[in-house]
Amino acid sequence: RRQRRRGGGAAGRLIKPGGSDVDVDDAEAGVRSASGGAGGGGQRLLSARRVMDREYEAEPDSLAGEQTWPTEAELAAARPAPPGARGDDDDYQRGWTGALDAESDAEGESDGEGGAAMGQAMGGYSDDDEAMDADEEAAAEEDDGAARRAYLQQRAARDEDAKFPDEVDTPVDVAARVRFARYRGLASLKSSPWHPRENLPPEYGRVFHFEHWPTLQRQALKEQAVDEPPEGRAPAGSYVRLQLRVPRRFVELYGAEGGVGQAGEAAAPLVLSSLNTHENRLAVLHFTLSLTAAAEAAELVLRGKAPLVLQAGFRRYAARPIFSEDNRRSTKHKLERFVQPGRQVVATVYAPAMYAPCPLLAFLPDGEALRATPQLAGLPVASGALLSVDADRIILKRILLTGAPFRCHKKKASVRWMFFSPDDVRWFKPVELHTKFGRKGHIRSSLGTHGYMKCYFDGTMQQHDTVCMSLYKRAFPKWSGPFSYECE
């Protein structure tokens with residue numbers, strides 16, 4: 001109910017434990033077993049198979065986020081509570097401050113597009129040094145130098161984020177209430193409420209939402225063990241012939257009978273793997289991830305939303321994951337801008353659902369990052385495993401506004417350089433303050449016309465302390481268009 005009134009984005013199709021998503025396929029395609037060899041007719045194992053439907057993406061409902069007329073029960077629940085009582089809505093809204101106005105937040109965007117374009121340009125160079133003229137050599141050296149400079153800048157940004165995490169500077173030419181309009185304050189990151197279905201992006205209407213993935217996995221495996229009779233399985237050591245319905249691109253690579261395609265060159269070996277129930281659904285996947293020893297030795301800088309090639313189980317695809325802290329005790333998780341060496345994070349991507357346990361390897365694609373660290377070509381830069389399949393996992397991006405106290409008297413302090421306008425001070429007045437020495441306080445009033453403010457804290461303030469204000473907003477994985485297994 002709250003989602004409809006707040007005008008949240010449309011959520012995808014919800015799948016609950018106990019539902020059935022298998023269908024009977026009476027097509028001519030089947031599986032034949034030939035115990036004597038590759039040829040021959042053999043025994044037809046499955047003539048009418050129970051297979052999953054081919055609905056890969058959920059069909060988004062454009063009216064799911066529209067506001068509807070409340071029912072009588074909703075009107076009764078929305079009536080004001082008697083004096084002295086506090087309802088759930090008050091507790092929910094008490095943790096929010098700020099506004100939901102649109103802003104162009106360019107922070108945290110990946111620099112991968114430029115690297116990908118540069119990688120395509122580099123892909124056209126010849127390896128024959130004798131054929132390259134002096135101009136091409138100079139251009140190649142200039143590109144390598146640019147890639148090296150970009151790598152050094154990213155490494156400096158990673159080191160700064162490790163020393164001063166999430167700290168940002170308040171812009172002087174733009175009002176803070178406009179620049180940070182989509183951010184809001186929370187009294188506690190662990191206990192303050194945050195609705196998981198509020199203001200979802202349009203991409204979330206295309207993914208499937210599973211109510212409890214571990215329960216669905218156990219139920220599906222139990223049903224598969226019961227529904228598949230022993231006589232419907234091919235015995236070990238026997239040959240089977242598969243008839244597949246494939247797209248035209250598949251025929252061009254492998255041919256209609258397998259082996260050599262229309263291009264005339266032998267394709268790579270084809271690996272077939274069966275899918276469990278719901279593994280053909282597009283969902284939001286979360287993997288634990290940490291840098292490998294080779295990546296740490298090469299001082300690789302792995303930033304959020306950077307392009308990676310992920311090998312998850314038997315699947316291999318390109319993705320742009322975002323990283324968050326690996327905290328199992330909270331329902332809200334802070335966004336990590338970089339993968340710091342020696343630290344485990346959680347990578348979130350749009351990908352087909354998978355069953356646990358599922359190992360993960362991450363590789364660098366051809367581009368700027370690989371040119372800066374050529375020793376990592378063909379080597380995994382990060383490894384991990386599947387953590388969960390959950391579209392409701394809340395990832396919050398935090399920014400930290402800082403100010404300096406220039407006048408202190410017991411629990412009172414005058415703070416400057418956090419804001420540069422009295423209107424911004426009044427706008428962010430409800431947000432709680434904290435210091436790096438552990439003090440908590442709040443803004444009492446604005447002081448002057450340059451953004452100074454009077455603050456009150458729960459303990460004696462010190463002159464060399466730093467006053468901070470934490471603001472949060474929801475972060476989502478980067479949508480790279482229709483899902484594809486093409487990793488070039």
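**A walk around the model**

Leu 270 is in the loop that runs between helix 8 (248–254) and strand 8 (282–291); helices (H or I, at least four residues) and strands (E, at least two) are DSSP runs, numbered from the N terminus. You're in a predicted model, where local features need pLDDT of at least 70, side-chain atom pairs count only at pLDDT 80 or more, and totals for chains, interfaces and linings use all residues. Residues are numbered from 1 along each chain as its sequence is written, and side-chain values use heavy atoms, with hydrogens and water left out.

Stay on Leu 270: it is partly exposed, at a relative accessible area of 43% (buried is under 20%, exposed over 50%, partly exposed in between; 1.4 Å probe, protein chains only).

Next, select Trp 213 and Tyr 355. Their ring centres are 5.5 Å apart with planes at 70 degrees, so this pair is edge-to-face (Phe, Tyr and Trp rings, the six-membered one for Trp, pair with centres within 6.5 Å; planes under 30 degrees apart are stacked, over 60 edge-to-face, the rest tilted). Trp 213 belongs to helix 7 (residues 213–227) and Tyr 355 to the loop between strand 13 and strand 14 (359–363), 142 residues apart. Both residues are buried.

Now jump to Tyr 350 and Trp 479, another edge-to-face pair, with centres 5.0 Å apart and planes at 75 degrees.

Last stop: Gln 340, in the loop between strand 12 (332–336) and strand 13 (345–352). Gln 340 has 6% relative accessibility, so it counts as buried.
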